[in-house]
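Keep the 3D view open as you read.

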Amino acid sequence: MHHDLPAKAARLDQRDPLLSFRERFVLPEGKTYLNGNSLGAMPRQAARIARKCVEHEWAQKLIDSWNTADWLHLPQRLGNKLAQLAGAQSGEIVVTDTTGINLHKALAAALSLRPGRTTILMERDNFPHNNYIAEGIVAQSSQQHRLLFLERHELEHHINEDTAVICLTHVHYKTGRLLDMERLTALAHQKGALAVWDVCHSVGVMPLELNRCRVDFAVGCTYKFLNGGPGSPAFVFAAHRHHAQMRQPLTGWWSHSSPFAFTAHYEAAPGIGQMLTGTQPVISMVTLEPGLDIALEADKERVWQKSQQLRTLFLEALNETCVPLGVTPVTGEGLFASQLALHHKHAWPVCNALAGQGIIADFRAPDILRFGLSPLYNRYADIIKATTALRAILATECWQEKRYWEKRPVT
Ligand SMILES: *Cc1c(COP(=O)(O)O)cnc(C)c1O
């Protein structure tokens, strides 16, 4: 590698105003973790708080903790912290369930506000999970809803008077390419449709402005750039203006206006609480709070700026050392979020060979090698380490070794 780049990385690290956040996380020795877009690193505080919850609140205080440790309001309390990260107001977000389940509720709630309109517009190449969820909704719909799966460039041309909802993902999970949330939402509104956004890959790493973009509903997860822990509960946003009319289908005692009145029939809670369903996984809820607190402490613009600088350095280093050896970075028009994707015909064994050298990335079929960039704990030096390792792997073709081809269920 040209000697300039490692020196440049060192300089950038030295001057990095976010550098001290790295100490707030446990990062395993000998590993360069570039997969925070799949599972964020563990905040040190998470282990302490989990222990306190388990050993004190659960073991000692038992049922009392619903009141004394305020387990009851965790969805709202954490939701209000998330609101600050997502450009929403207090009372517009609850932390609960999974992204998929929240998407089910949000999409159904949006449809309930547009009776008579039949089309749900989605991107064909979306994270498939979201499309499966929408297929489930349509299969149950009594109103002849239909799904229109489109290519990205076709989206804006198909929003019309029959569109009930556009249901889009802010950042493409493979390429990292962003959709223009504000513009597409405005186009939907111009035609009288609503907009539901999935912000899994943007929350915590870029300054989100759900209200400024006039988003109607949004969902996202907390275990990626928010470092909430494996399977930590997701969140759902519903703009205040919809609370009085919307109806979500997974009605339960937690979305009831008075759960402990045990009345015979359902009556929705007035605010964002109506997006809940049942009892929450308290230990996971408690454990995700340190990740939110760290994200709140960091300056959002700086985080985003560093993310872009990490990406730029990465591309520079790859172009110099790895592109001539057969990888093709996904670049081009538009903005990219906090990841970098590379095409390589044998991305899976290459990814495993990288892991063999302590560089943790991931693979998305059929040929994508994906690196997540977490500005709160990744250093510019990590980029140089990853590129140097990748270059050696490509040059020696050690990825051809049989051990790197072994299949594993999670990629
Ligand atoms: C990670 C991710 C999810 C996660 O969904 P779960 O239901 O929480 O498993 C959903 N949508 C997108 C776009 C994602 O990237």
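Predicted model: local features only at pLDDT ≥ 70, side-chain atom pairs only at ≥ 80, totals over all residues.

A polar contact here is a pair of N or O atoms within 3.5 Å.

His-201 places a polar side-chain atom 3.0 Å from a ligand oxygen, and in the side chain of Lys-224 an N or O atom is 2.5 Å from an oxygen atom of the ligand. How much of the ligand does the protein bury? On its own the ligand exposes 390 Å², and 86% of that is buried by the protein.

Now widen the view to the shell around the ligand. Besides Asp-198, His-201 and Lys-224, its residues include Thr-98, Thr-99, Gly-100, Phe-127, His-129 and Asn-130. Thr-169, Cys-200 and Tyr-223 also belong to this shell. Sorted by class, the shell holds three nonpolar, seven polar and two charged residues.

The ligand takes up the space of the largest pocket. Two elements each give two or more residues to the shell around the ligand: helix 5 (99-112) and helix 6 (128-140).

The volume of the largest pocket is about 630 Å³. It is lined by 34 residues, and those closest to its centre are Ser-38, Asp-362, Arg-364, Arg-370 and Val-410. Helix 6, helix 10 (347-356) and strand 14 (362-364) each supply two or more residues to the lining. Which element gives the most to this lining? Helix 10 does, with four residues. By class, the lining comprises 14 nonpolar, 13 polar and seven charged residues.

Finally, here are two places to check along the backbone. Most residues other than glycine have a negative phi, and most peptide bonds are trans. The bond from Ala-365 to Pro-366 is cis, with omega near 0 degrees, and Pro-366 lies in the loop between strand 14 and strand 15 (368-372). Gln-144, which is not a glycine, has a positive phi of about 55 degrees. You will find Gln-144 in the loop between helix 6 and strand 6 (146-150).

Technical notes. Residues numbered from 1 in each chain as written. Heavy atoms only, no water. Near = heavy atom within 4 Å. Polar contact = N/O pair within 3.5 Å; in protein donor to acceptor, adjacent residues only side chain to side chain. Areas by Shrake-Rupley, 256 points an atom, 1.4 Å probe, with all protein chains shown as cover. 1 Å grid on protein atoms, 1.4 Å probe; cavity = no way out; pocket = protein on both sides within 12 Å on 5 of 7 lines; lining within 4 Å. Sits in = over half its atoms within 2 Å of the grid points. Nonpolar A, V, L, I, M, F, W, Y, C, P; charged D, E, K, R; others polar. Points joined across faces, edges and corners; volume = space filled by probe spheres on them.
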